[in-house]
Amino acid sequence: MPRVLFVDQFAAMGGGQRILLDTVLYFKSQGARCAVALPEKGPFSKLLVENDIPVLFFDLPELTAGRKTLLDQFRYLPAVGAVRNQIQSLAEQWHAEILFCNGPRCTLPVVLAAQKLHLPVISAVHLIFGGKEKAILYWCFNRDCVKAITFCSEAAAKPFQDLPHAKTTLVGNWVSPDFVSEPIVNDARHRFGLAAGQTAVGVVGRISIHKGQRVLIEAMMPIIEDRPDVVLLIAGASDFEDEWEYTDLQNYVKEMGLTKSIRFLGSVEDPISLMDALDILVVPSLWEEPFGLVAVEGMARGLPVVATRSGGLVDIVADGETGILVSKSPEALKMAIERLLDDVRMRDQMGVMGRVRVMEVFSSEPKLKKILELARTWTRKQRAA
């Protein structure tokens with residue numbers, strides 16, 4: 001089995017880190033030797049340590065979240081050589097036979113280190129790229145040492161569709177196995193303070209102007225005025241891009257006198273229980289969502305999903321079957337949510353079909369098996385060289 005050094009650019013827990021954690025734990029369960037290199041300590045490194053995964057550290061320059069500035073470029077490019085040297089040293093320390101890169105900021109130094117060490121690379125793409133970032137990644141993916149690229153969705157793969165055919169590409173993320181267990185609704189509703197007869201609409205994810213919580217609140221206000229039995233649960237912490245948005249939204253809801261009907265839960269350690277407490281999940285993304293992991297997780301828990309037509313979400317939610325896809329407006333969200341509030345039978349049918357779709361399309365093991373087989377293949381070739 002291979003010795004793998006995984007490299008990520010964040011120690012916080014986002015969708016990319018949850019997918020990477022699944023990958024590392026699956027590799028380990030199959031006998032691979034795994035270590036993860038991170039630029040700092042955080043929730044992700046804590047989870048890795050709890051699962052007996054060695055965590056190594058390297059320095060990565062701090063950059064602006066989201067769209068990069070000219071100053072970011074001046075910070076990043078001169079630091080690439082130093083980061084490459086650190087990753088090369090960590091790979092040698094771990095006796096790595098293959099490198100797995102999980103973030104765009106790491107890709108260039110990982111590829112340069114792999115070239116120096118003559119090691120194969122698997123790279124994972126969790127965002128939709130364009131401009132200079134795409135150009136740098138495209139250059140990296142064309143290096144001989146990069147043997148395979150995994151894309152979270154068709155939307156993320158599209159900018160790189162003219163890569164050489166010799167490159168192995170895998171498209172599509174998955175839902176973590178924990179999410180496909182049977183829902184436990186009554187305990188979850190009690191835990192989140194939902195009374196009998198209340199209908200819970202929820203949104204789960206970091207609080208950001210791009211994630212659309214404000215638009216959802218605007219959609220929900222007239223619904224709540226007409227239906228006192230409906231509550232909106234907003235789960236998630238401040239976004240690293242828009243740290244003020246969480247407080248602004250709380251103040252907005254307070255000014256409207258809706259704090260009893262619109263509740264802010266902050267970070268939720270057990271998203272599975274939260275989803276089991278909901279009746280409808282909404283994913284109101286305003287940016288082009290690279291994948292939309294929370295939508296898959298909601299479907300896995302048997303929830304109907306209302307989602308905007310945004311990036312990878314259109315590949316996840318089967319419109320009219322597992323949920324409803326809408327435009328990025330409060331009115332469109334309002335109409336879809338009201339439709340589901342009025343039709344319990346439709347909600348139940350969509351929930352059932354959502355779980356079926358997750359099992360058929362977003363099951364983790366078939367995709368993890370393919371990634372592990374790629375790692376095994378290139379490790380064998382590396383040993384034979």
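This report walks through a helix pair, some salt bridges and a surface patch in a predicted model.

## Ground rules

Residues are numbered from 1 along each chain as its sequence is written, and side-chain values use heavy atoms, with hydrogens and water left out. Because the model is predicted, local features need pLDDT of at least 70 and side-chain atom pairs count only at pLDDT 80 or more, while totals for chains, interfaces and linings use all residues.

## Two helices side by side

Two packed helices are described by the angle between their axes and the distance between the axes. Here, helix 4 (residues 104–117) and helix 5 (residues 131–141) pack at about 35 degrees, and their axes are 10 Å apart. Helices are DSSP runs of H or I with at least four residues, and strands are runs of E with at least two, both numbered from the N terminus. The axes are lines fitted to C-alpha atoms over the stretch in contact, with angles from 0 to 180 degrees between N-to-C directions.

Which residues meet? Helix 4 brings Pro104, Thr107, Leu108, Val111 and Leu112, and helix 5 brings Ile136, Leu137, Trp139, Cys140 and Phe141. Contact here means heavy atoms within 4.5 Å.

## Salt bridges

Side chains of opposite charge can pair when their charged atoms come close. A salt bridge needs a side-chain nitrogen of Lys or Arg within 4 Å of a carboxyl oxygen of Asp or Glu, and that rule gives 15 of them. One of these joins glutamate 297 and arginine 18, at 2.4 Å from N to O. The pair links distant parts of the chain, with glutamate 297 in helix 11 (residues 293–300) and arginine 18 in helix 1 (residues 15–29), 279 residues apart. Glutamate 297 is buried at 2% relative accessible area, whereas arginine 18 is partly exposed at 27%. (Buried means under 20%, exposed over 50%, and partly exposed in between, using a 1.4 Å probe and protein chains only.)

Arginine 380 also has a partner: glutamate 373, with the closest N and O atoms 3.2 Å apart. Salt bridges that share partners tie Glu373, Arg376 and Arg380 into one network.

## A nonpolar patch

On the surface, Val352, Met353 and Val356 make up a nonpolar patch with about 240 Å² of accessible area together. Patch residues have over 30% relative accessible area and no salt bridge; like charges are joined within 9 Å, and nonpolar side chains (Val, Leu, Ile, Met, Phe, Trp, Tyr) within 5 Å. Areas come from the Shrake-Rupley method with a 1.4 Å probe, and for residues only the protein chains shown count as cover.

Valine 356 sits in helix 14 (residues 344–361) and is partly exposed, at 35% relative accessible area.
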